[in-house]
Amino acid sequence: IAGTGIGFIQIQAHSVEAPPPAPEFGGHKKQKSGGVLGMIDMMVNDLKTEMNQAKLEEEDAQEDYEKLMQDSADKRAADSQTISEKEGQLAEADTDLAGAKDDKAANSKTTHETHEYEQDLHKSCDFLLEEYDNRKAGRDEELEALDKAKAVLSGADVSLLQTRVQARKFMA
């Protein structure tokens, strides 16, 4: 730089070397149809192949979907019919249950009335058993009195002879 006292001094000379060679990645193969157009044709063919394959896969998927939808519809129809049958069975079971409850109520009432009748009959039988001895003694006295009455009427002298004394309860 002029007038400043600063200058440049070259210490060593630089040499310019050639750039390193480009790395090779398997090389370039020549196409029969040639370069870029051949590559574009190859890409178009690959794209057509992929599109045909995607179309076939889509058709298969659509068939699978339609089959699944048909199977689902069939299953829903079968389930609806099963539900209808189950509801019919439930209604029938409810009707049977209501009838059974009515029968139970009627049988319960009949059983209760039968039990009350049995208790009344048992009380009557207990009374008759308790009073059997008294009634038998009363009958024996009546027969004895009738025999005495017959004897008096036939002319026998029964001067009011008391043969036995027994206390009686009347419906106690």
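Q: Why is Lys75 called exposed?
A: Lys75 has a relative accessible area of 52%. Exposed means over 50%, partly exposed is in between, and buried is under 20% (1.4 Å probe, protein chains only), so Lys75 counts as exposed. Mind you, this is a predicted model, where local features need pLDDT of at least 70 and side-chain atom pairs count only at pLDDT 80 or more, while totals for chains, interfaces and linings use all residues. Residues are numbered from 1 along each chain as its sequence is written, and side-chain values use heavy atoms, with hydrogens and water left out.

Q: What makes Asp79 and Lys75 a salt bridge?
A: Their side chains meet at 3.2 Å, N to O. A salt bridge needs a side-chain nitrogen of Lys or Arg within 4 Å of a carboxyl oxygen of Asp or Glu, so this pair qualifies. A search of the whole structure turns up 1 salt bridge.

Q: How are Asp79 and Lys75 placed in helix 1?
A: They sit 4 residues apart, so about one helical turn separates them. Helices here are DSSP runs (H or I, at least four residues; strands are E, at least two), numbered from the N terminus. The chain has 1 helix and 0 strands.

Q: What makes Val36, Leu37, Ile40 and Val44 a nonpolar patch?
A: Patches take residues with over 30% relative accessible area and no salt bridge, joining nonpolar side chains (Val, Leu, Ile, Met, Phe, Trp, Tyr) within 5 Å and like charges within 9 Å. Ile40, in helix 1, has 43%, so Ile40 passes the area test. Together the four have about 370 Å² of accessible area, by the Shrake-Rupley method with a 1.4 Å probe, and for residues only the protein chains shown count as cover.
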